[in-house]
Amino acid sequence: MSEGKDTSCAYCMKGELVAKFGYPICEMKTGYLYLFKEQSKRGRVILAHRRHVSELIELTDEERNDYFAEIAVVARALHKVYHPDKINYGAYGDTGHHLHFHLVPKYNGEDEWGGVFQMNPEKKFLTEEEYEKMAAEIRAAL
């Protein structure tokens, strides 16, 4: 699987650009898994595809199938660690044209149950130690 890069893309460049909103969990076969730093939805993560593509249709069938298989692996890990009532899946990219999925655990009785999750609610941020603890729990469950 080749890795196309865009030097202005946070997901391609990793480091400081992605650190503004994501904490690295691990590298997977199809991409990079990040804990979303805004944690009002406990366990929210992003799986960014390894290649800089904007649309699913830019992937081969094999790449697409592998990517969705890993999304399912991540979802199972989130269920194991956080026991959500539901996981919402979001694929956006209107401004940052790099294929990525948000996996957002939802908990019945908490804010936004029964509706779409807020993209950037800016409600709950953690310490580096708390992010690492969560990342380690997810890594262990993958």
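**Figure 1. His100, a buried residue of strand β5.** In this predicted model, His100 has a relative accessibility of 7% and therefore counts as buried, the limit being under 20%. The residue belongs to strand β5. Its side chain reaches the backbone oxygen of His98 at a distance of 2.6 Å. Leaving aside residues up to four places away in sequence, His100 touches Tyr11, Ile46, Leu47, Ala48, Tyr67, Gly90, Ala91, Tyr92 and Gly93.

**Figure 2. The largest pocket and its lining.** The volume of the largest pocket is about 300 Å³. Its lining consists of 16 residues, and those nearest the centre are Tyr11, Phe21, Thr95, Gly96 and His100. Two elements, α1 (residues 10–13) and β5 (residues 100–106), each give two or more residues to this lining. By class, the lining residues comprise eight nonpolar, seven polar and one charged. Tyr11 and His100, both among the residues nearest the pocket centre, also touch one another.

**Figure 3. Lys14, between the helices α1 and α2.** Most residues other than glycine have a negative phi. Lys14, although not a glycine, has a positive phi of about 55°. The residue is placed in the loop that separates α1 from α2 (residues 15–19). Its relative accessibility is 23%, so Lys14 counts as partly exposed.

**Figure 4. His83, in the loop between α3 and β4.** His83 is not a glycine, yet its phi is positive, at about 55°. The loop that holds His83 runs between α3 (residues 61–82) and β4 (residues 86–91). With a relative accessible area of 59%, His83 is exposed, because exposed means over 50%.

**Figure 5. The overall fold as the setting for the close-up views.** The protein contains four helices and five strands. Along the sequence these elements follow the pattern α-α-β-β-β-α-β-β-α. The radius of gyration is 14 Å, close to the 14 Å that the globule rule gives for 142 residues, so the protein is as compact as a globular protein of that length. Taken along the principal axes, the C-alpha atoms fill a box of roughly 40 × 30 × 30 Å. Of the 142 residues, 45% are buried. Among contacts with a separation of 6 or more, 55% join residues 24 or more positions apart.

Definitions and conventions:
Residues are numbered from 1 along each chain as its sequence is written. This is a predicted model: local features need pLDDT of at least 70, side-chain atom pairs count only at pLDDT 80 or more; totals for chains, interfaces and linings use all residues. Side-chain values use heavy atoms; hydrogens and water are left out. On a 1 Å grid over the protein atoms alone, a cavity is a set of points where a 1.4 Å probe fits but cannot get out, and a pocket is an open set with protein on both sides within 12 Å along at least five of seven lines; lining residues have an atom within 4 Å of a point. Grid points are joined across faces, edges and corners, and a volume is the space filled by probe spheres set on the points. Ala, Val, Leu, Ile, Met, Phe, Trp, Tyr, Cys and Pro count as nonpolar, Asp, Glu, Lys and Arg as charged, and the others, Gly among them, as polar. Buried means under 20% relative accessible area, exposed over 50%, partly exposed in between (1.4 Å probe, protein chains only). A polar contact is a pair of N or O atoms within 3.5 Å; within protein, one must be able to donate a hydrogen and the other to accept it, and residues adjacent in sequence count only if both atoms are side-chain atoms. Contact means heavy atoms within 4.5 Å. The radius of gyration is taken over C-alpha atoms; the globule rule is 2.2 Å times the number of residues to the power 0.38.
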